[in-house]
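Please open the model in your viewer and keep a selection panel at hand.

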Amino acid sequence: MTNLTGTHAASALAPANPWSLVPPLGNLDAYIAAVNRLPMLTQEEERDYARKLKEHNDLDAAGRLIMSHLRLVVSISRQYLGYGLPHGDLIQEGNVGLMKAVKRFDPEQNVRLVSYAIHWIKAEIHEYILKNWRMVKVATTKAQRKLFFNLRSLKQGMQADAAMDDDLSLRETLTAQQVDAMAAKLNVKPEEVMEMETRLSGGDVMLDPTPGDDGEQAYGPIAYLSDASHEPTQMIESRQRDVLATDGIAQALEQLDARSRRIVEERWLKVNDDGSGGMTLHELAAEYGVSAERIRQIEVAAMKKMKKALAEFA
């Protein structure tokens, strides 16, 4: 019986279905431990599996290539933990990039898959970060995306040096000299560095915050950003109010006798240039030669009649 050593021995001892080594439940630590136990492939094995995939669309061969490089995704994803996104999500997106790399890998180029896959893994993680790090996208063009990641990495390095030198100036905002240094190193304009720095330092605000510990709904921008004036129901109701305030009131006034109509107009509808209203109860009482109480009774009766007329109009 031939003795096997090294990677060949690990491959020979690997289960027929290597996917069985990955735990089915969502335990990230167990997943990372499992992928680190998966056997690595030699260059000959890697080329053989890649040819089977390319020439015969062998999915089992594709699985072997993917499984042997899952630890690479875990390693790369750790570099992006500073963006505040879940590590599991970063790994998942990196795995998508790895699958794309395996699909496009050409075994005849005499290049190891690990070198080829790094680009695809990082590209997929970058895309995920840019889409999910902020609701308002911080980088939209290719140049802005490059500046986004390079500026953040460079600033972290400068902050680390500042911490060693106990220089607090780099820990909060960038000085003009620091901006110029970054712009020169990244080959961009200082204005572009400042704009991206502003986007990076801006805090996220929840539009619709969740209730607080006391059960009360928190107050957020959604409360004053929403525009109800163009909501269909509100528009219909507003239009109905406008019609009632014009045609409806005019028609209701026609149901009144002349005295009742004038009392209502003076008491409710008349506005003078100085902002004051029409005649008072006592002024109307003196004009018609009755008591103020009688004017009030006529007003109440007229308002009831108008209310009924408006209801029928609506």
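In what follows, buried means under 20% relative accessible area, exposed over 50%, and partly exposed in between (1.4 Å probe, protein chains only). This is a predicted model, in which local features need pLDDT of at least 70 and side-chain atom pairs count only at pLDDT 80 or more, while totals for chains, interfaces and linings use all residues. Residues are numbered from 1 along each chain as its sequence is written, and side-chain values use heavy atoms, with hydrogens and water left out.

Select Asn-57 to begin, in the loop between helix H3 (43-56) and helix H4 (59-67); helices (H or I, at least four residues) and strands (E, at least two) are DSSP runs, numbered from the N terminus. Asn-57 is exposed, with a relative accessible area of 55%, and has a positive phi of about 50° although it is not a glycine. Most residues other than glycine have a negative phi.

Next, select Asn-110, which sits in the loop between helix H6 (87-104) and helix H7 (113-132). Its phi is also positive, at about 55°, and Asn-110 is exposed, with a relative accessible area of 57%.

Over residues 281-300 the chain is 85% helix and 0% strand, and the end C-alpha atoms are 12 Å apart.
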